[in-house]
Each structure stands twice: as C-alpha cells, then as structure tokens.
Amino acid sequence: MPAKLDPDAAAVYKAFQDAGRPAYEDLSADEARAYYLAARVVSNPEPRELASVQSISIPGPAGDIPARVYTPKALRQDDGVSPALVFFHGGGWVIGNLDTHDVVCRAIADEGQLIVISVDYRLAPEHKFPAAVDDAIAATRWIADNARKLGIDAEQISVGGDSAGGNLSAVVAIHARDHGGPMLAGQVLIYPATDFAMSHPSHSEPETSVLLTHSVIRWFRDHYLTGSHDAEDWRASPARVETLAGLPPAFVITAGADPLRDEGDEYARRLEDAGVPVKHRTYPGQFHGFFTMGKLLPQANVAVSEIGDWLKAL
C-alpha cells in the first residue's frame with residue numbers, strides 16, 4: 001500500500017534531509033539521545049500551562065523510576081479523585097525521556113482533563129529487554145496501589161504511549177489482564193511496535209522509510225533485544241500473545257508512511273476481532289513520529305484532541 005506524504009509532512013521531511021540530519025545508526029546511544037532531545041525545540045508546539053507539574057520517584061525492580069505528574073487546570077473529579085493516563089514515551093527503547101515528551105503529556109492532560117503520569121523507564125543498551133517492560137509494569141502497579149494518595153480513581157487508570165511506548169502500553173495491558181490487575185480502563189497505542197518479526201510489507205516499502213527508516217528500526221532492535229529469541233517473547237512482541245480477548249478498550253493510531261503501519265493496523269483488527277472495543281484512527285499522509293510535531297504538523301494536534309475526547313468518553 002504505497003504511502004504519499006501530506007504536503008506539510010513532505011515539507012518537514014525535506015527540511016530534515018536538507019539539514020543533513022545524522023542517522024541514529026551512525027551515532028552512539030548517548031549521542032542519539034542528545035540529538036533527539038535537542039530536536040524537540042524545532043517541532044514541539046508551545047507547552048500548555050497546567051495547574052501543576054510534579055516530579056516523583058516510583059519504586060522499581062532495579063531502583064527508583066523517575067516520573068512526572070501532570071495535572072491540568074480543568075480536571076475531571078468525582079469524590080476527590082480523577083482519571084489518569086500512565087504514559088510511556090517513544091524512542092525505540094533507546095532514546096527519549098520525560099523532557100522529550102513533556103509537551104505532548106501536557107497536551108493530553110489538558111485535552112483529556114485528567115492526570116497524566118509520564119514514566120522514565122530504563123533504556124537500552126545499558127538495560128536490555130525486559131528492563132523497560134519490568135519498569136513499566138512496576139510503575140503501573142504502584143500508581144494503581146497508590147491511586148488515592150495521587151488523587152487518582154483506581155478504576156479509571158489507562159495506559160498509553162507512542163512507538164516503543166505504545167509497545168510497552170500493550171504489554172502492560174496484557175500483563176495486567178493475566179496477572180491479577182490492575183484493572184485498566186483503556187489503552188492508547190500511538191503507532192505501536194507490536195511484532196519484532198518485522199515481516200509486514202510496510203517494513204520493506206521505500207515510501208515508509210521516512211525519519212524512522214528501516215535501518216534505524218534494526219538499530220533500535222539490536223540495542224534493545226539480547227538476541228533473536230527475544231523477538232518471540234510476547235513481552236517484546238505483544239502480537240505474539242495467544243489471545244487479545246479481555247483487554248481494555250483501545251485507541252490505536254497508525255500513520256501511512258510508517259514502517260510500523262501494518263503491524264499496528266493488524267493489532268487493531270485483532271483486538272476488534274477478539275471483542276475489544278477499538279477506535280482505530282489512521283493518518284495516511286503522515287510519517288512515524290508525527291505525533292510530537294504539533295508546531296509543524298497540524299494533524300498532530302488533531303490526534304492529541306481526538307485522544308483527549310476518547311479518554312473523556314471512557
């Protein structure tokens with residue numbers, strides 16, 4: 001299914017090319033992290049003003065996990081508690097942190113009128129699979145166990161994230177279903193990675209190798225996994241789990257010019273076939289990573305608004 005970029009996405013892609021942007025696979029992990037962090041200034045919209053933004057530490061399996069709590073000015077409350085979204089940032093399990101996704105977390109909190117808690121899980125290659133998974137599961141459990149102290153309704157906790165964060169969100173939802181909770185209200189999967197087989201057509205189409213190129217995906221994979229056997233583990237490839245039945249309602253976003261497009265589309269179909277309520281929104285003219293580029297790409301702001309509306313409808 002050949003993809004054609006929207007005019008604004010094509011302009012952004014050309015600007016990145018003209019700027020001589022180095023490929024992540026030519027950088028060390030630390031260099032790639034610094035470059036990704038610096039790039040946010042160019043593409044992120046202005047940060048929204050919230051009631052509060054608070055740094056916290058969450059006990060994890062290998063020490064404290066940094067996290068950030070976003071509370072909007074217009075906050076839905078019932079009996080003193082509010083719904084919440086536990087957010088996992090993207091970045092291929094190698095790059096990204098609380099700051100790279102600060103602006104989108106602010107926007108989701110504002111649009112959804114709920115508390116967002118962004119989790120700074122351990123990164124590869126220093127901490128390979130399943131370290132990120134273990135942190136994501138532990139953080140979600142701790143937030144649920146301490147919901148009242150955080151001003152959160154324990155029955156209205158959702159998980160969400162983009163790319164690698166979408167992968168972690170899907171894995172946390174499956175783990176919660178199969179290991180006694182916490183009961184999750186929803187899952188927001190923004191162009192999620194779901195299958196490390198990387199055998200879908202979108203992983204080889206030239207038109208999808210935009211910013212997140214096919215070679216960069218392999219670089220992320222090789223940093224994250226300890227070997228090819230990890231790809232078969234559902235905690236790395238949630239599409240490999242036996243059944244998707246019984247999972248919480250899902251909002252799945254996919255982009256047309258994205259190597260992960262087909263596996264995201266397929267995961268949304270499988271969720272729906274398993275009886276899970278699904279909203280699947282496709283952005284055919286956008287590339288992987290567009291969601292955080294609201295300064296340059298209006299469709300990113302549309303996506304944030306739609307996520308907020310969906311979370312309010314839960």
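Visitor: Which elements cover the buried residues of helix 5?

Guide: This is a predicted model. In it, the cover over the buried residues of helix 5 includes strand 3, helix 4, strand 5, strand 6, helix 6 and helix 7 (261-273). Helix 5 is mostly covered, with 12 of its 15 residues buried. Among the buried ones are Ala-164, Gly-165, Leu-168, Val-172, Ile-174 and Ala-176.

Visitor: How does one read which side of a helix is buried?

Guide: The general idea rests on the helical repeat. An α-helix has 3.6 residues a turn, so residues three or four places apart point the same way. For the case here, consider helix 1, which comprises residues 7-18. Its buried residues are Ala-9, Val-12 and Phe-16. Viewed down the axis of helix 1, these buried residues lie within an arc of 60°, so they line one face of the helix.

Visitor: Which strand do the buried residues of helix 1 pack against, and which exposed residues does the face turned away from its buried side carry?

Guide: The buried residues of helix 1 pack against strand 8 (278-287). The face turned away from them carries the exposed residues Pro-7 and Asp-18. As to length, helix 1 has 12 residues and reaches 16 Å from its first C-alpha to its last, close to the 16 Å expected at 1.5 Å a residue. After helix 1 comes Gly-20, whose phi is positive, near 65°.

Visitor: How is empty space inside a protein found?

Guide: Rolling a probe the size of a water molecule over the atoms shows where empty space is left. In this model the count comes to two cavities of 30 Å³ or more. The largest cavity has a volume of about 530 Å³. It is lined by 37 residues, of which Tyr-36, Gly-91, Leu-212, His-288 and Gly-289 are the closest to its centre.

Visitor: Which helix gives the largest share of the lining of the largest cavity?

Guide: Helix 2 gives the largest share, four residues. Helix 2 (29-43) and helix 6 (214-224) each supply at least two residues of that lining. By kind, the lining of the largest cavity divides into 19 nonpolar, 13 polar and five charged residues.

Visitor: What volume has the second largest cavity, and which residues line it?

Guide: The second largest cavity holds about 40 Å³ of space. Its lining consists of Pro-83, Ala-84, Leu-114, Gln-156, Ser-158, Ala-185, Leu-311 and Leu-314. Strand 3 (82-88) and strand 5 (152-162) each contribute at least two residues to this lining. Six of the lining residues of the second largest cavity are nonpolar, two are polar and none is charged.

Visitor: Is His-214 buried or exposed?

Guide: His-214 has a relative accessible area of 15%; buried means under 20%, so His-214 counts as buried. This residue belongs to helix 6. Leaving aside neighbours within four places in sequence, His-214 is in contact with Ser-202, His-203, Ser-204, Glu-205, Thr-208, Ser-209 and Pro-259.

Visitor: Where are the cis peptide bonds?

Guide: One runs from Phe-129 to Pro-130, with omega near 5°; Pro-130 is placed in the loop between strand 4 (115-119) and helix 4 (131-145). Another runs from Gly-181 to Pro-182, also with omega near 5°. Pro-182 is found in the loop between helix 5 (164-178) and strand 6 (186-190).

Conventions:
Residues numbered from 1 in each chain as written. Predicted model: local features only at pLDDT ≥ 70, side-chain atom pairs only at ≥ 80, totals over all residues. Heavy atoms only, no water. Expected span 1.5 Å × (residues − 1). Buried < 20%, exposed > 50% of the residue type's maximum accessible area, 1.4 Å probe, protein only. Arc of directions from axis to C-beta. Contact = heavy atoms within 4.5 Å. 1 Å grid on protein atoms, 1.4 Å probe; cavity = no way out; pocket = protein on both sides within 12 Å on 5 of 7 lines; lining within 4 Å. Points joined across faces, edges and corners; volume = space filled by probe spheres on them. Nonpolar A, V, L, I, M, F, W, Y, C, P; charged D, E, K, R; others polar.
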